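Trainee: I am new to this model, so please take me slowly through the loops, looking closely at the backbone there.

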Amino acid sequence: EKSPIRVLVTGAAGQIAYSLLYPLSKGDVFGHDQPIELVLLDIEAMLTVLDGVVMEMQDCALPLLKSIIPTADTDVACKDIDVAILVGAMPRREGMERKDLLRANVKIFKAQGESLDKHAKKSVKVVVVGNPANTNAFICKKYAPSIPPENFTALTRLDQNRAQAQIATRMGLVPQDVKNVIIWGNHSNTQFPDVRHAKVAGKGVYEAVQDDAWLKGDFIKTVQTRGAAVIKARKLSSAMSAAKAIGDHMRDWWFGTKGDEYVSMAVPSDGSYGIEKGIIYSFPVQAKPDHTYSIVQGLQIDEFSKEKMTTTLTELQEEKCSAEEFCGY
Ligand code: NAX
């Protein structure tokens, strides 16, 4: 039997975690032969709720789930972990300024970065889900200098899945028939869902869809604002689809992507495509079974794309500046 891996999920009493913990613990992400030790972090005030989640996890009676550690202590949570799924964040409340949200989250992700630096395995793979996800990941990376920077990522796979599903629905196909959709930039409404290099049933998407106005207009808008549309309808933010996307992100990173296919992950820029080095920016990436990944090189960027990629970069640069300013407090 394989030795267990230790997986931290933060925000473990929240709604995304509630959809994530079952598939994660039954082997859908790290394989059906990979035992797991779960570490569940939430804030002190949520510990009784978290107890209920632990009870349910026990009652799922899963063969791969070797142990569950619920805690409100970040240092305990980060001890010897192989994987960190950072979902917990300060939610945006009505009337709250973007800056206030950022300030609160910088504090959380600075503390978690420091704790990862001290206690996690140096090979730890981190995916940040809590918003503003890219900038939270940036801060976390900054305060964990002993861990390779490329181990810090943020989730844009939900945006990719949304884009794939939009194209598939339009064509009467399933999302798996749509390959190599790219999400560039920030997980926010400035993101650029790019289908210029994507294929649908073997054909270029522009050729297959035959509606440039839709592809350059409503399609992009729909993907950019999908999160808000779900909140409006459900009165709660995306949880099931977010949990599915977290599984997709981690599984592809862990086991590698297939053949020529690539997926979108927000990762520290290495300067590719003229994106400022170090910024956590969503790129097309390919991963290998040894858990390494690289940014797909050599894609042609037209004027339309260039402009959109710059808009979302500018937003990330602004978030980074404010975040760094708040780090001092
Ligand atoms: P919930 O409010 O249901 O759960 C969040 C949980 O995090 C709560 O239990 C809260 O107590 C906990 N928490 C807060 N601060 C914490 C801290 N310092 N340490 C540990 N736990 C802490 O939110 P949920 O719907 O689960 O969403 C979680 C986050 O995901 C939000 O920031 C949300 O904006 C973000 N999302 C990101 C997505 C992405 O694609 N990157 C998509 C879905 C989602 O909107």
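Mentor: A residue is called buried under 20% relative accessible area, exposed over 50% and partly exposed in between, with a 1.4 Å probe and protein chains only. The model is a predicted one, in which local features need pLDDT of at least 70, side-chain atom pairs count only at pLDDT 80 or more, and totals for chains, interfaces and linings use all residues. Residues are numbered from 1 along each chain as its sequence is written, and side-chain values use heavy atoms, with hydrogens and water left out.

Begin with aspartate 80, which sits in the loop between helix 3 (74-78) and strand 4 (83-86); helices (H or I, at least four residues) and strands (E, at least two) are DSSP runs numbered from the N terminus. Although aspartate 80 is not a glycine, its phi is positive, near 60°, and because its relative accessible area is 38%, this aspartate counts as partly exposed.

Alanine 61, in the loop that runs between helix 2 (47-59) and strand 3 (65-71), is also a residue other than glycine with a positive phi, here about 50°. Alanine 61 counts as exposed, because its relative accessibility is 61%.

Another loop, the one between strand 5 (125-128) and helix 5 (133-142), holds proline 132. The feature to look for there is the peptide bond that joins asparagine 131 to proline 132, which is cis, with omega about -5°.
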